[in-house]
Amino acid sequence: MTDFNWTRDQFHLPQGMIYLDGNSLGPLPKMAPARVMEMMENEWGEQLIAGWNASGWMAQPTRVGDRIARLIGAEKGHVVMGDTLSIKVFQALAAALKLNPDRKVILSDSGNFPSDLYMAEGLVNLLGNGLELRIVAPEEVEDAITDEIAVTLITEVGYTTGRKHDMAKLTAKAHEHGVITVWDLAHSAGAIPVDLAGAGADFAVGCTYKYLNGGPGAPAFIYVAPRHAKTAQPALAGWLGHARPFAFEQGYDAGKGIERMRVGTPPVLHLTALEVALDVWDKVDMADVRARSIALCERFIAGVEEHCPQLSLCSPRDSDLRGSQVSFRFEHGYAVIQALIADGVIGDFRAPDVMRFGFTPLYTSEKDVDEAVGVLTRILRGALWDRPEFLERKAVT
Ligand SMILES: Cc1ncc(COP(=O)(O)O)c(C=O)c1O
Ligand SMILES: Nc1c(O)cccc1C(=O)C[C@H](N)C(=O)O
């Protein structure tokens, strides 16, 4: 049984702040500064170049990948860290297309994060040759999987509404039709139980700065199913994905298994911070996280619907169909979110009118939920959001 009092105590949560934005950026693990400082002083500082071997920096991307594998139901040895999620989307998609060379359609949905769609669009333009990106509504994905599709590029939990696709069902249908699947787990990893191996997913990618609490800019991960490990071509063929990087050969020879999805030098400082966050995750059971996440989300929905009739729920009401966030639509949502932030309740806004709140059981309590509902109610009843400083748009929302 996960001890959520213990997990909460592992994070630095600023005084007076109720943080409901862990779906965008998770908080700082308390042990991270000391560990990163120790790494800098004792490893980087004292060992310099020897640190690649002596401190195991070179093996860090697969070592950390294995720790993440448990949280996403992946087989050991099939997840590697590196680059940003957008880059990993490109890499997975390119590799998946190569496995289905006679087909010309990438299928995605309009609920997907723009960067995924842009990456697919970029690849379509680059490869040409009649390749097409087809975007359907999220609820139409299942019917749109046909023998025509080469690859599905689906984000399991949508970033605006938190709507959750049925990974096992869609993957099974994809395989019936000879389609390769790429799953984006940005809003799934650490948010809901994921079973990549059980679902038979082909490729998966995700980030580590949201629910996994790796810090701003923490590296992404990529998963390649064991059955594709020897055949998947990385497309972004960097030297550290080569079978013999230190032979400095002129031609590319893809590395063994998941190693080939490495590109260049790993972000050691950031992987070190992420490892501290994973020390907390090592003591967490995803089934407990899911149960508590559902309870927190339902408590928030009930409170908001009782006290804030101006807002309309745009996340699925059925928790089976939802990730670990709750979104409401409101015409003046942007200003309301700014007023909430000014009052210490941190949510975020997604255009055109979505107010988004992430629920992260590792450090969010029932008391936080009730207090957030109270502040929101006060802001809406008094129209306290209707002030120039809350209406003015900021660069990052
Ligand atoms: C679903 C999804 N895909 C891709 C990205 C882009 O990730 P990154 O900025 O790390 O490349 C994000 C978030 O930014 C996301 O939520
Ligand atoms: N990655 C982000 C960033 O660098 C700045 C601000 C926000 C983000 C995000 O992660 C956005 C996020 N993917 C979303 O779901 O909206």
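Let me start at ligand 2. Its shell holds four nonpolar residues, one polar residue and no charged ones. The classes work like this: Ala, Val, Leu, Ile, Met, Phe, Trp, Tyr, Cys and Pro count as nonpolar, Asp, Glu, Lys and Arg as charged, and the others, Gly among them, as polar. The residues around ligand 2 are Ser24, Phe113, Tyr159, Ala186 and Val396. A residue gets into a shell if its C-beta atom, placed from the backbone, lies within 6 Å of the molecule.

A word on the model. It is predicted, so local features need pLDDT of at least 70 and side-chain atom pairs count only at pLDDT 80 or more, while totals for chains, interfaces and linings use all residues. Residues are numbered from 1 along each chain as its sequence is written, and chains are lettered from A and ligands numbered from 1 in the order in which they are written.

Now ligand 1. Around it sit Thr84, Leu85, Ser86, Phe113, Ser115, Asp116, Thr155, Tyr159, Asp184, Ala186, Cys207 and Ala220. Helix H5 (85-98) and helix H6 (114-127) each give two or more residues to that shell. Helices (H or I, at least four residues) and strands (E, at least two) are DSSP runs, numbered from the N terminus. By class, the shell of ligand 1 has six nonpolar, four polar and two charged residues.

H6 also takes us to the strands. Together with S5 and S6, H6 makes a right-handed β-α-β unit. Right-handed means that, with the strands pointing away from the viewer, the path from the first strand over the helix to the second runs clockwise.

How many residues of strand S5 (residues 105-109) are buried? Four of its five. Buried means 20 or more other C-beta atoms within 10 Å of the residue's own, with C-beta atoms placed from the backbone.

S5 runs parallel to strand S6 (residues 132-136), with five bridges joining them. Leucine 107 faces arginine 134 in S6. S5 also pairs with strand S7 (residues 149-155), again parallel, over three bridges. Pairing takes at least two DSSP bridges. Isoleucine 106 has valine 151 of S7 as its bridge partner.

Last, the domains. Domain 1 covers 4-29 + 285-391, and domain 2 covers 32-281. Those bounds come from an automatic or database domain assignment. Their centres, over C-alpha atoms, are 28 Å apart. Domain 1 puts 27 residues into the contact, and domain 2 puts in 22. Contact means C-beta atoms, placed from the backbone, within 7 Å. On the domain 1 side, strand S3 (28-29), helix H11 (286-307) and strand S12 (325-329) each supply at least two residues. That side has twelve nonpolar, twelve polar and three charged residues.

Technical notes: Two residues are in contact if their C-beta atoms, placed from the backbone, lie within 7 Å. A residue is buried if 20 or more other C-beta atoms lie within 10 Å of its own, exposed if 12 or fewer, and partly exposed in between; C-beta atoms are placed from the backbone.
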